[in-house]
Amino acid sequence: MSEFALEIKALSHVFGKFRVLDNINLQVLPGQIVAVVGPSGCGKSTLLKAILGTDPPTQGDIFTDGVPVRGPTRNVGIVYQNYTLYDFLSAEHNVSFGLKLDETSFWMRFFGLPAYMAKRRQHLQKSRNFLEQVGLSDACGKYPREMSGGMKQRVAVAQAFIMRPKIVLLDEPFGALDEAMREDLQLMLLRFYQENLIAKREGRRPEYTILMVTHELNEAIYVADRVIGLSRFHTHGGQGAAIVYDRPCPVFHPDDPRDFSKFVEQREELRKAVFDEKYVKDRDKYVTFWNELGALAAQK
Amino acid sequence: MIRLAIPLWLFWLLAIGGVVTLLGSYERISARQTRINELQTTIPSFEKIGEGLKQIFRPQGLPENPKPPMFWVDMRATLWRLAVGMGVGVAASVFVGVLMGAYRWIEAPLSPIVMFLSKIPPTAMMPIYFALVGTDQKMFTSMVALGIFFSMTQSIYKAVRQDVSDEAINKAYTLGASEIEIIYEVIWKQILPKIIDNVRLQIGPAMVFLLAAEMVVGSAGLGYQIRMQSRILNMSVVYVYLATLAFIGLVAEWALVTLRRKLCPWYVD
């Protein structure tokens with residue numbers, strides 16, 4: 001087991017002659033919720049696909065829990081913006097689908113029926129418990145076509161998290177939802193973070209490590225405990241997008257009232273560092289996460 | 001106005017009225033033809049059609065050695081050939097179509113061949129079947145199987161490419177699926193309604209190929225009997241057989257729609 005849930009070393013990606021990503025280095029600790037922001041087309045999706053393993057980078061290495069990423073595996077979960085639930089499965093079967101694939105073999109399903117059925121009963125019970133956690137206990141038997149966008153997204157989140165992957169990637173997970181639904185799902189992520197804190201206090205490895213791509217700066221700072229900005233607006237921008245912002249951000253409790261005024265300063269700093277094309281600076285100017293973490297640990 | 005709603009009672013009244021008008025018009029034309037020529041059999045009256053119905057259900061052969069009525073002999077022959085031919089054709093096209101849709105390296109060499117051969121009318125290929133397979137039972141079943149194989153393979157491989165997104169497949173990998181599991185648990189289950197719909201659409205063409213073959217080289221079967229009875233202008237039997245073909249089509253349609261509803265309750269047409 002590695003110290004880091006995710007480690008990216010010297011990652012670069014080129015499309016033809018166009019260099020999209022340049023020398024990305026990133027370490028994510030277990031239990032962190034990392035938000036990734038950046039201008040449209042800067043390479044956030046490219047980075048996500050590289051971590052997922054579907055589009056390997058042209059240079060560099062990626063490790064999840066110390067294991068090199070060679071293709072999509074169960075070490076990395078994914079929640080897409082358009083949910084991508086399986087139409088032919090109900091909510092509880094969608095959520096337990098991974099357990100079926102992971103814990104039963106193809107041959108067991110045809111030739112070991114009693115053992116398979118017993119396993120499936122356990123899976124479905126686990127799935128129902130998870131759906132209850134995300135507020136969907138009444139929707140277990142519904143098919144995706146019978147669900148709203150918010151319901152589908154919660155099922156997609158449950159489907160990914162029930163597998164306990166080393167890290168879950170959220171690709172603009174709330175982009176297609178209305179404001180009320182977004183808030184509900186943001187609170188769900190904050191509740192996961194609280195469970196991480198409990199796990200750390202009890203000496204266990206936190207279960208929910210998340211890397212979330214979002215366009216919403218408020219959402220990034222509110223939900224995450226660390227924000228990363230990807231951008232070409234730095235002194236070597238012609239060589240591709242780099243991490244130009246990497247800082248911790250305040251942790252909110254799901255029961256606290258939503259008050260975005262608490263992080264106005266950081267939001268403005270983030271906007272300037274990542275989105276302001278006129279502000280060309282050294283790429284490492286705002287990459288201070290590890291220094292700040294070290295300083296915080298020293299204070300304690 | 002286009003799509004103007006009408007009351008249900010009016011819809012049924014017009015539907016029944018349409019059928020009654022058609023049958024009434026037929027009876028009038030038949031009566032007129034009979035007045036011109038009393039012995040005409042090309043447009044038999046409903047009474048004559050009734051006699052044709054009795055004829056096809058009458059046991060054949062001598063009383064001491066009766067043989068089954070010709071209707072059952074012909075039905076058994078045609079339905080058996082159709083079932084076997086479609087079974088083989090559907091199984092082969094699903095196997096090849098799914099693999100073509102799943103693997104680009106299989107799609108690349110096969111898609112030009114499948115596309116080209118799907119454009120050749122299967123009835124035009126009959127001389128090829130005679131030469132390769134002979135004129136016995138194998139010829140009929142291979143005619144049906146190959147007749148539907150190419151177009152159905154194309155439809156299935158397109159369904160795999162269009163109805164199963166890359167994201168759904170990548171997600172399955174992240175949930176721990178192996179390749180064979182992705183093919184069975186994701187691709188097959190996602191496209192199953194399309195497969196059933198394709199089978200439904202292929203029954204008509206399959207019947208065309210089979211009846212054409214039976215008319216040319218058959219010694220039993222609905223197509224053979226239609227040809228034989230037409231030659232002696234015994235149209236009262238021919239019309240009963242044509243109605244039987246329509247009935248087979250309707251039953252098959254209903255059966256496949258019911259099957260799709262049972263196996264794919266999640267699917268909305």
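**Pairings, loops and contacts**

Author: Let's start inside the sheet of chain A: A:Lys9 has A:Asp61, in strand 4 of chain A, as its bridge partner. Keep in mind that this is a predicted model.

Reader: What makes strand 1 and strand 4 of chain A a pair?

Author: Pairing takes at least two bridges found by DSSP. Strand 1 and strand 4 of chain A are joined by 5 bridges, so they count as paired under that rule. They run antiparallel.

Reader: And how do you know that strand 4 of chain A pairs with strand 5 of chain A?

Author: That case has 2 bridges, and the rule asks for at least two, so it qualifies. Strand 4 covers residues 59-64, and the two strands run antiparallel. Within this pairing, A:Thr64 sits opposite A:Val67 of strand 5.

Reader: How many bridges link strand 1 and strand 2 of chain A?

Author: There are 7, again in the antiparallel sense, with strand 1 spanning residues 6-15. A:Val14, for instance, has A:Arg19 of strand 2 as its bridge partner. The hairpin made by these strands has 2 residues between them, and A:Gly16 there takes a positive phi near 65 degrees.

Reader: What is the overall strand order in this sheet of chain A?

Author: It is 2-1-4-5, an open sheet of 4 strands with antiparallel pairing.

Reader: Why are strand 2 and strand 5 of chain A said to stand at the edges?

Author: Strand 2 (18-28) and strand 5 (67-68) of chain A each have a single partner strand, so one side of each has no neighbour in the sheet.

Reader: Back to the loop between strand 1 and strand 2 of chain A: which residue is found there?

Author: A:Lys17 is in that loop.

Reader: Is A:Lys17 buried or exposed, and how do you know?

Author: Count the other C-beta atoms within 10 Å: A:Lys17 has 5. The limit for exposed is 12 or fewer, so A:Lys17 is called exposed.

Reader: Now chain B. What do you get if you set its radius of gyration against that of a compact globule?

Author: For 269 residues, a compact globule would come out near 18 Å, whereas chain B has 24 Å. Along the principal axes, its C-alpha atoms fill a box of roughly 75 × 55 × 35 Å.

Reader: How is chain B divided up?

Author: There are two parts: domain 1 (8-40) and domain 2 (66-263). Their centres, taken over C-alpha atoms, are separated by 35 Å. Chain B has 10 helices and 2 strands, and along the sequence the pattern reads α-α-β-β-α-α-α-α-α-α-α-α. Of its 269 residues, 32% count as buried.

Reader: How many residues of chain A and chain B are in contact with each other?

Author: 21 residues of chain A touch 19 of chain B. Strand 6 (76-79) and helix 2 (91-103) of chain A each supply at least two residues to that side of chain A, and helix 2 gives the most, with 4 residues.

Reader: What makes up that side of chain A by class?

Author: The side of chain A that touches chain B has 12 nonpolar, 5 polar and 4 charged residues.

Methods:
Residues numbered from 1 in each chain as written. Chains lettered and ligands numbered in written order. Predicted model: local features only at pLDDT ≥ 70, side-chain atom pairs only at ≥ 80, totals over all residues. Buried ≥ 20, exposed ≤ 12 C-beta atoms within 10 Å, placed from the backbone. Domains from an automatic or database assignment. Rg over C-alpha atoms; globule rule 2.2 N^0.38 Å. Contact = placed C-beta atoms within 7 Å. Nonpolar A, V, L, I, M, F, W, Y, C, P; charged D, E, K, R; others polar.
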